[in-house]
Amino acid sequence: MPNTSTRTPKTAEGERVLILSAGVGAGHNSAAAAVQQACAARADVAEVQVLDVLQVSSVLYRALLNKGYFVLVEGLPWLIDWGYDISDRPFRRRGPMDPWTRMNSVPVIDAIKRFRPTAIVCTHFLPAQLLASLLLRGVTNARTAVVTTDYDFQGLSLTGAFHALFLAREEGRVELMALGLPSDRVAAPGIPIASQLKGAPSRDATEPPMLLISAGASGGDYAAAVVRQTLHMRSPFTATVVCGRNDALRQRIEHLVAPAGDRYRVLGFTTEMPQLLRRADLFVGKPGGLSVSECMAAGLPMVMVNPIPGQEVRNGDYLLEQGAAIRCNTSATIGWKIDEVLREPGRLQQMQAAAQRTGRPEAAANVLSRLLDGPSRPLVVTRAAQKTILSASEDRVVATDLSGPSALVRLIDSATGSTVALLQAAELEDLQKRYGAPDGGLVLRRSQAFRSLRWEERRLLRAILRQDDTLSVRVQRSRPHRMVPQSASTGPRLPS
């Protein structure tokens, strides 16, 4: 197995944090690095390990998921858009992992067993799905968090067992609460970013505005079209162009801007992006989740170009709502649109203020604190409850307002007040026959957990009992959700 982990020893005892990512693009690994950085600031973290799960998978599996994705982005973007939408429904896939994915997960499971983590943070849905399976099978007792790295929640990140789910913005949290997820397990601290971007930067108003034109880590060719358009701008400006690892692109842009003298600075891959983000006045590039988060934390508004269909388009929609960005849908008008921002008195400053309001520079620390200080038992969403949530999502119905056998019911730990299970009302009736208590709650018993004839009940009890012999829980029926319009004829519905 290749050595893809980074260990940071601190003290002899304390939390052992495992951060699992997947290198499909740079964003998921960047978020993992930010959480690792936050671990170093906590005295109660004894050791942290970061693992890119694709790096320990087979070459073919890695190539199909990583390189194959970007081949589709370049050649068949409509297919990426379709795939994003079709996989967006929560719990659309409720069965076990396919044999190929399960086989490629073996090295990750081995790494978990060796490291013996007390907490696991997943910054991609692939390890998140695996960890749900391990929690339900009793393979690990670690507190497990799922961290999303785009501003629009995507259904693949929702799993059948986890301790905490962290989203980029409050609207995603409201959406999941409407679908029935308990509020004590879902939070919106933002997307984890490096600590170098904390604090409001000081920009020199006497200097001409600085554009930061980014081609991304891999060096997208769209950057050449952006630079070519800026050559026609009338407003005073300087520009730093970051070409990533694409040396051919860097050479082409250097040749393109040579007649402009020292107005342009052209770089290849650089580790100075945090400093560049803080010095710039306007960012020009793709609205990837981490790029957006880093820009917002630095109070840096964006000119969005060439977004990937699906997540990046939705990231852009959010920034447009906040007033922190403009979007260029054609390369022919990029220079003109940037010029319009720079020429209109006060507009750039208004966009910078909007970006500053939108930024969440403390996200990584908040993710870690909420996980380590949160409930020790996971939340288990039974297969039947998953079916209810999926059906409600497809029908645009608010799941918390459902009644009857398919309605959602929560089991709440009587000692801590945390929700430990989400199930259907029909399942509750079966549990009450076996574990019912005089007060209307349940007393779950390990001695009975493995004598049950129902496979789903065994999964539930194994996960939430952990090492305890018994667990007392109270029952809470679904509460009506009041954050969306009501319709007298069709009942409460989510917006289309």
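Residues 24 or more positions apart account for 70% of the contacts in the protein with a separation of 6 or more. The structure is a predicted model. The protein has 496 residues, and 54% of them count as buried. Its secondary structure consists of 19 helices and 18 strands.

**The six-stranded sheet**

- Six strands form an open sheet with parallel pairing, in the order E10-E9-E8-E11-E12-E13.
- The edges of this sheet are strand E10 (264–267) and strand E13 (325–328), each of which pairs on one side only.
- From one strand to the next, the twist averages 15°.
- Strand E8 (residues 210–214) and strand E9 (residues 238–242) run parallel and are joined by five bridges.
- Within this pair of strands, Leu-212 has Thr-240 in E9 as its bridge partner.

**Helices on the sheet**

- Helix H9 packs on the sheet and touches E9 and E10.
- The direction of H9 makes about 165° with that of E10.
- Helix H12 (residues 311–322) lies across strand E12 (302–305) and E13.
- The angle at which H12 runs to E13 is about 135°.

**The contact between H8 and H9**

- The axes of helix H8 (residues 222–230) and helix H9 (residues 247–257) come within 10 Å, and they cross at roughly 10°.
- Angles under 35 degrees count as roughly parallel, and H8 and H9 are therefore roughly parallel to each other.
- On the H8 side, the contact is made by Ala-223, Ala-224, Val-227 and Arg-228.
- On the H9 side, Leu-249, Arg-252, Ile-253, Leu-256 and Val-257 take part.
- Seven of the residues in this contact are nonpolar, none is polar and two are charged.

**Cysteines**

- A disulfide is a covalent bond between the sulfur atoms of two cysteines.
- Searching the whole structure gives zero disulfides.
- Cys-295 has 0% relative accessibility, and so counts as buried, because buried means under 20%.
- Cys-328 has 5% relative accessibility, and therefore also counts as buried.

Key. Residues numbered from 1 in each chain as written. Predicted model: local features only at pLDDT ≥ 70, side-chain atom pairs only at ≥ 80, totals over all residues. Heavy atoms only, no water. Axes fitted to C-alpha atoms, helices over the stretch in contact; angles between N-to-C directions. Helix = DSSP H or I, 4+ residues; strand = E, 2+ residues; numbered from the N terminus. Parallel < 35°, antiparallel > 145°, perpendicular 65-115°, else oblique. Contact = heavy atoms within 4.5 Å. Nonpolar A, V, L, I, M, F, W, Y, C, P; charged D, E, K, R; others polar. Disulfide = S-S within 2.5 Å. Buried < 20%, exposed > 50% of the residue type's maximum accessible area, 1.4 Å probe, protein only. Pairing = 2+ DSSP bridges.
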